[in-house]
Amino acid sequence: MFAVLTIIMMILDQRTNTLNQMRVVLTAPLTSLQYLVSWPINLIDNVSQLMSSRQALLNENLDLKAQQLLLKAQMQRLVALESENNQLKTLLRSSAQIQGKMVIAQLLAVDSDPFIRQVILDKGSHDNVSIGLPVLDANGVMGQIIQVSPATSRVMLINDPQSGIPVQDTRNNIRAIAVGDSYSNQLRLVNISHTTDIRIGDLFVTSGLGQNYPEGYPVGEVVSVVHDLGLAFADIKLQSKARLDQSRQVLVVWPNKSASEIKEHKNA
Amino acid sequence: MRKWLLIFISFLLAFMLTLVPMPEWAIWFRPAWIMLVLIYWNVTSPQRVNLGAACIVGIMLDLLNGTLLGEHAFAMIVTSYFVLKMQARIKMFPLLQQTFCVWLMVFLYQLLIYCIQGFIGELPKTKWYWASSFVSMLLWPGVASILKSFKRRSRLRMAS
């Protein structure tokens, strides 16, 4: 009887969204368990930080300052470019603008099944995190939020087979959709014909077309292009720019305009 | 009552051990802690920890792992069913035979999960996936003796 019950549950969960609410309700009490596990590990991290020598910290500080200087110099150029870009876009009456609100979130130090490509963040609905928000790390797009509980949220990484992300080539603006590939931990471009000009080394960034991910963040680099003429489409693999299994701190981004505003704009 | 508490604490510990992050090279070697504890209680007190308990524990594991809801629950119920079937015999087995039996059960559990993952098209991609059942087997004597000593101690305390 229990077995039948669980089979029904699995089918419901796979095919429909009916169990999502239940999942959210049931996960809330389990959140404390995740924090319980994560806490001593963070503590150990903190203690080892306290132990690190003054000299090492000074050196690191110097390094970081130098880096900040460099980044600031680049920022100056970027600010000018951005304002110019926004100005041009307002001239064109386009609604997509680059900057949005961001919040830094930490990954909870908990593992899931190794074949589940999801991570858990320490920000939840208390911090206004909601389903569908994109998550970035320092190098690129990591994924999007698929489940929120009061104090945690679950992120589906872009190499999950259920994830799809609209991208475009920086070299020639070819648009495509990158989906996760469960066998190689990379991303795959779907429905790209053999004649399309995509080469190894091309960088793909988000195109912003799905309105889920903001425009212009790096997604991945082409690592292999295979033209098997027996197949209808070319087989193109991307290596994600974000370090999906290494980053500990990530950014949750609220795209500048709310979805309703964008829709209004589109309808207008 | 005290026994329920003991069962609860042992499962709590098993859940924590399941969540503790492991270094990259060791992720496939994580033993099936919850399955081990479940087998132990199935064997030693089958009237308390039965298929219903297996179902609840499995669903909790699904929620924590973010896997398909009911996936681990199903695998645990089926495995637990066989353990309960053979409960009287497993209890009497010498340790070596018991250990082998546990390996078989954990292997069955992993096989079921492998099948379900196959159905939804997200198979684990290395052969190392199966290593977990062997690690579980090696840990069984330790887990069983620790739980047994706790049980004995709590019983002594109850008597005094």
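Predicted model: local features only at pLDDT ≥ 70, side-chain atom pairs only at ≥ 80, totals over all residues.
**Stop 1: chain A as a whole**

Select chain A and switch to a cartoon view. Of its 268 residues, 38% are buried. Among the contacts in chain A with a separation of 6 or more, 57% are between residues 24 or more positions apart.

**Stop 2: where chain A meets chain B**

Now show both chains. The contact takes in 37 residues of chain A and 41 residues of chain B. Together the two chains bury about 3,400 Å², and 69% of that is on carbon and sulfur atoms. On the side of chain A that touches chain B, α1 (2–15), α2 (20–51) and β2 (118–121) each supply at least two residues. Which element gives the most to this side? Select α2(A), which gives ten residues. Colour this side by residue type and you will see 21 nonpolar, ten polar and six charged residues.

How many salt bridges cross between chain A and chain B? The count is zero. Two residue pairs do make polar contact across the interface.

**Stop 3: salt bridges**

Side chains of opposite charge can pair when their charged atoms come close. Over all chains, the structure holds six salt bridges.

Start with A:K123, whose side chain meets that of A:D122 at 3.8 Å, N to O. A:K123 is buried, with a relative accessible area of 18%.

Next, select A:D197 and A:R171, which form a salt bridge with their closest N and O atoms 3.3 Å apart. A:D197 sits in the loop between β8 (187–190) and β9 (203–206), and A:R171 in the loop between β6 (164–169) and β7 (175–180), 26 residues apart.

Then go to A:E221 and A:K241, a salt bridge of 3.5 Å, N to O. A:E221 lies in strand β10 (218–226) and A:K241 in the loop between β11 (235–240) and β12 (249–254), so the pair ties together parts 20 residues apart in sequence.

Finally, select A:R171, A:D197, A:R199 and A:D202 together: salt bridges that share partners join them into one network.

**Stop 4: cysteines in chain B**

The count of disulfides over all chains is zero. Select B:C55: the nearest cysteine sulfur, that of B:C115, is 19 Å away. B:C55 is buried, with a relative accessible area of 5%.

Definitions and conventions:
Residues numbered from 1 in each chain as written. Chains lettered and ligands numbered in written order. Heavy atoms only, no water. Disulfide = S-S within 2.5 Å. Buried < 20%, exposed > 50% of the residue type's maximum accessible area, 1.4 Å probe, protein only. Contact = heavy atoms within 4.5 Å. Buried area = accessible area lost by both parts, 1.4 Å probe. Salt bridge = Lys/Arg side-chain N within 4 Å of Asp/Glu carboxyl O. Polar contact = N/O pair within 3.5 Å; in protein donor to acceptor, adjacent residues only side chain to side chain. Helix = DSSP H or I, 4+ residues; strand = E, 2+ residues; numbered from the N terminus. Nonpolar A, V, L, I, M, F, W, Y, C, P; charged D, E, K, R; others polar.
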